[in-house]
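Subject: Structure handover

Hello,

Here is the structure for your files, with the sequence alongside. My notes on what turned up in it follow below.

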Amino acid sequence: QVDKALAAIDFAQGPIKPQASGAEAPGEEMLSDSHFHLTRWQETRDFPVGAPDEARVLVCAEGDGRITIGAHDTAMKRGDVVVLPAAVGAGRFHPDKSVTLFEISIPEPV
């Protein structure tokens with residue numbers, strides 16, 4: 001099988017960068033306990049933020065971009081903190097180039 005695998009490689013092609021699958025990758029869960037959840041997004045493409053009927057806090061650690069929820073846009077840059085009330089729902093973050101964004105949520109009491 002090793003011979004077949006090596007025969008299938010096009011060594012003249014050179015390095016190949018990873019390709020996105022088209023499926024939306026989730027943010028990286030950094031912490032999850034009974035008090036809050038912390039998700040880190042490190043993205044160059046648009047990604048979802050917020051959730052229906054759930055308050056969220058967004059903290060921009062690096063880069064900049066904008067949040068779009070419905071017809072409303074809110075700009076964010078490094079150091080900005082935005083509170084998304086539960087009534088606002090979900091939206092999308094659009095990085096200008098690349099962004100590191102932390103999304104904090106509070107779980108429902110058990």
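Glutamate 103 counts as buried, because its relative accessibility is 5% and the cut-off for buried is under 20%. Please keep in mind that this is a predicted model. Glutamate 103 belongs to strand S7, which covers residues 90–105.

Leaving aside residues up to four places away in sequence, glutamate 103 touches His37, Leu38, Thr39, Trp41, Pro48, Val49, Gly50, Arg56, Val57 and Leu58.

Next, the aromatic rings. The count of aromatic pairs comes to two. In one of them, the ring centres of tryptophan 41 and phenylalanine 47 are 4.6 Å apart and the planes are at 15 degrees, so the pair is stacked. Tryptophan 41 is also among the residues that glutamate 103 touches. At 7% relative accessibility tryptophan 41 counts as buried, and phenylalanine 47 is buried with a relative accessible area of 1%.

Phenylalanine 47 also pairs with phenylalanine 93: the centres are 5.4 Å apart and the planes at 25 degrees, so this pair is stacked too, planes under 30 degrees apart being the criterion. The pair of phenylalanine 47 and phenylalanine 93 links distant parts of the chain, since the former sits in strand S3 (residues 47–50) and the latter in strand S7, 46 residues apart. Phenylalanine 93 is buried, at 0% relative accessible area. Through these ring pairs, Trp41, Phe47 and Phe93 form a cluster.

Last, the nonpolar core. Which residues of the largest nonpolar core touch the most other members? The core has 13 residues, and those with the most contacts to other members are Phe47, Val49, Leu58, Ile67, Met76, Phe93 and Leu101. At least two core residues come from each of S3, strand S4 (56–69), strand S6 (81–84) and S7. S4 gives the largest share, four residues. Val49 and Leu58, both listed above for this core, are also among the residues touched by glutamate 103.

Regards

Note on methods: Residues are numbered from 1 along each chain as its sequence is written. This is a predicted model: local features need pLDDT of at least 70, side-chain atom pairs count only at pLDDT 80 or more; totals for chains, interfaces and linings use all residues. Side-chain values use heavy atoms; hydrogens and water are left out. Buried means under 20% relative accessible area, exposed over 50%, partly exposed in between (1.4 Å probe, protein chains only). Contact means heavy atoms within 4.5 Å. Rings of Phe, Tyr and Trp (its six-membered ring) pair if their centres lie within 6.5 Å; planes under 30 degrees apart count as stacked, over 60 as edge-to-face and the rest as tilted. A nonpolar core is a set of buried Ala, Val, Leu, Ile, Met, Phe, Trp, Tyr and Cys residues joined through side-chain atoms within 4.5 Å.
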